[in-house]
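Please look at the sequence and the model below before reading on, and keep both in view while you follow the text.

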Amino acid sequence: MNEARRAGRPRPWLLLLLLAAVCACDRPPDGQAAKSEPPARAPVAGSNAGASAPPPDADSHHSAPGNESRDRAAATLEQAHSDYLSALRIHLKTLADRGDPHSQLQLALLLPLSQPDSISEQLLAARQRALDKAAAVPGQEGLVAWLQAMDCFEREDCDLQPALSRLQQVEPDNAMAWLLALEDAARSDADPAQLDRYLRLAAQADHYDDHLTDSSRETQKALEQVAMPPMTSQAEAALRKVAKLDGSTHQHDGHALIVAALATPMTFPPYRATFELCKPQAVRAESQRSGDCRAVLTLMADGDSLLAQAMGTSRMVQFAAGGRDDAYWRERLRESHWLRENFARFDSPAMLRAVRELGEVPAARAELERLGESRPPPGWLPESVNGRALITTGRLPPKP
């Protein structure tokens, strides 16, 4: 293959269109990843999205200034994008020349950002070489092993077993290490008994870490060392407008916005096989699989990413429906929705940094605690139809 199976990231400045979604956890709600609609991108300021279009010739002479303004904004963003790529590639050369393990970890995290339109096989090979050297960074063994495994998982021509074995040796008590093996076995049409074995090993783990937090944190640290050229006030204003932060009461530096948008995980863990095995309606209540599913989903619900928390709590509500812990899990799901729906409010630079450094769930909880809103008001329900149904009944609503 000439190209990696994984699609490349969009251009960096276009990522700022998604900055509000990054802060608002635009991940699939209620664990229904396959059924969720993609998050709506923040509309470019000045666009007429959702409004009725006027006749082609109506007031056309009035639209020219708006078009010119948008063209100028696009040009400034394009220049910011070009400046960013130039600075990043210079920094990557510096990291490669250093050769020490920590520089190699930063190199591995930043390399994909240097090819925003696609990620070539050559770049992935360079990233793997960097990760091999980064394995010696103290305290980052789990992150490095996870990145190596996920890079391989997403390539059809890669033998995943060596990377999986290393991940499981480094993090034997991380449920995600065994769930990734389950996902790989499922796509290879492994025997159901093998899938149950991996599920059981995941259930015996003592925590769930999808490495979304530490990959974001380390990427942010690496990006902050890139010597970015000065950004014009016009470019900063355009970035804030595109990110829908022009009305924010906080001061946002343009470079900090770019870092916040780009310091997001390159890969998200797969869940398809896990959720196929752990369908509440298809698992006997007293079976071994039911117990293993509940253990795994509980670990996910206790994770530090909103994605893991949402998927774990929503599925556990269905497993617990009508049982002694029914009310407990429905309230936990309500609290999970409360975190997610309030996340869009957190637009301060300090909060954007806290999300990367602490994780989405700890940062959101701390901010709501600071605001005196740590728990949802009595009777509060989320906007999500599925979420409301699960919280009030413990079951998904009937299909239309």
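The paragraphs below go through the disulfides, the nonpolar cores and the salt bridges in turn.

This is a predicted model, in which local features need pLDDT of at least 70 and side-chain atom pairs count only at pLDDT 80 or more, while totals for chains, interfaces and linings use all residues. Residues are numbered from 1 along each chain as its sequence is written, and side-chain values use heavy atoms, with hydrogens and water left out.

A disulfide is a pair of cysteine sulfur atoms within 2.5 Å, and by this rule there are 2 disulfides. Cys 152 is bonded to Cys 158, with 1.9 Å between the sulfur atoms, and this link is left-handed, with -110° about the S-S bond. To describe how far a residue is covered, buried means under 20% relative accessible area, exposed over 50%, and partly exposed in between (1.4 Å probe, protein chains only). Cys 152 is buried at 4%, whereas Cys 158 is partly exposed at 29%.

The other disulfide joins Cys 278 and Cys 293, whose sulfur atoms are 2.0 Å apart. This pair links distant parts of the chain, 15 residues apart, since Cys 278 sits in the loop between α13 (272-277) and α14 (288-301) and Cys 293 lies in helix α14; helices here are DSSP runs (H or I, at least four residues), numbered from the N terminus. Cys 278 is buried, with a relative accessible area of 1%, and Cys 293 is buried too, at 0%.

In soluble globular proteins, nonpolar side chains tend to be buried together. A nonpolar core is a set of buried Ala, Val, Leu, Ile, Met, Phe, Trp, Tyr and Cys residues joined through side-chain atoms within 4.5 Å. The largest one has 90 residues, and Leu 110, Leu 180 and Tyr 208 have the most contacts inside it. Apart from this core lies another, of 13 residues, among them Trp 338 and Leu 368.

A salt bridge is a side-chain nitrogen of Lys or Arg within 4 Å of a carboxyl oxygen of Asp or Glu, and the whole structure holds 20 of them. One of these joins Asp 97 and Lys 93, with the closest N and O atoms 2.8 Å apart; because the two residues are 4 residues apart in helix α3 (residues 60-98), about one helical turn separates them. Another joins Asp 292 and Arg 200 at 3.2 Å, N to O, and links helix α14 with helix α9 (residues 192-203) across 92 residues. Asp 292 is buried at 6%, while Arg 200 is partly exposed at 31%.
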